[in-house]
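Open the model in your viewer and keep the sequence panel beside it. The stops below can be selected one after another.

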Amino acid sequence: MEHENHKEDDISLEKISSAIRSFGKDRRNLIPILQMIQQELAYIPPGAIELVALHLVIGACEVYGVATFYNQFRFNPPGKHAIKVCLGTACHVKGGEIILENFERKLGIRGGETTPDREFSIDRVACVGCCALAPVALVGENVQGHMAPSKVEGLILGFKIEKEKQEREKGQHES
Ligand code: FES
């Protein structure tokens, strides 16, 4: 799996390297380049930071410093199930932080991270516009309202059961 992920990363870098070269070498292009990478790959891999630094002839740490300054960039690939926990005011008041902690504990990762198998990622987001359903989490495109620790548990368990089922079916197919 790890090996497959590396292969995927190489393909991703190939995909964006010519797009990076299509920008001028002016360092004012740094943010637009980072935005393009995030749009193409849904995150900014370490290799991309190096490519941008080489192109703009600046240090990789400068690129990284600028990228981390803005919340819009993520540095881990989004998981197959991208979980976004709302920490806007209404959700915060109704215990959004507790929901976030529950997801983090259940999945063994922190906000902004992705599980090593790339099944799950967790991000914090600002108000997603369904405050009446607070506390809210987005799981993929689905809004999950009135979140509670038991609901976190149920969701993760549901995905794990689904994955096991798919793997069993795949195994039966291959044998
Ligand atoms: S604050 Fe969470 S949906 Fe508005």
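The tour goes from domains to cores and then to backbone details. Keep in mind throughout that this is a predicted model.

Start by colouring residues 2–69 as domain 1 and 81–174 as domain 2. Their C-alpha centres are 28 Å apart.

Next, select Ile83, Val85, Ile99, Phe103, Ile122, Val136 and Ala137, the residues with the most contacts inside the largest nonpolar core, which has 15 residues. Two or more residues of this core come from each of strand E1 (81–86), helix H6 (96–107) and strand E2 (120–125). H6 gives the largest share, four residues. In soluble globular proteins, nonpolar side chains tend to be buried together.

Now centre on Ile83. Leaving aside residues up to four places away in sequence, Ile83 touches Phe103, Phe120, Ser121, Ile122, Ala137 and Val139.

Then move to a second, separate core of 11 residues; Ile16, Ile37, Leu56 and Val63 are among them.

The remaining stops concern the backbone. Most residues other than glycine have a negative phi, and most peptide bonds are trans.

Select Ala134 and Pro135: the peptide bond between them is cis, with omega near -5°. Pro135 sits in the loop between E2 and strand E3 (137–139).

Go to Ala42, in the loop between helix H2 (30–41) and helix H3 (46–56). Ala42 is not a glycine, yet its phi is positive, about 70°. Is Ala42 buried or partly exposed? Ala42 is partly exposed, because 14 other C-beta atoms lie within 10 Å.

Finish at Val57, in the loop between H3 and helix H4 (60–69). Val57, also not a glycine, has a positive phi of about 55°. Val57 has 8 C-beta neighbours inside 10 Å, so Val57 counts as exposed.

Note on methods
Residues are numbered from 1 along each chain as its sequence is written. This is a predicted model: local features need pLDDT of at least 70, side-chain atom pairs count only at pLDDT 80 or more; totals for chains, interfaces and linings use all residues. Domain bounds come from an automatic or database domain assignment. A nonpolar core is a set of buried Ala, Val, Leu, Ile, Met, Phe, Trp, Tyr and Cys residues joined through C-beta atoms within 7 Å. A residue is buried if 20 or more other C-beta atoms lie within 10 Å of its own, exposed if 12 or fewer, and partly exposed in between; C-beta atoms are placed from the backbone. Two residues are in contact if their C-beta atoms, placed from the backbone, lie within 7 Å.
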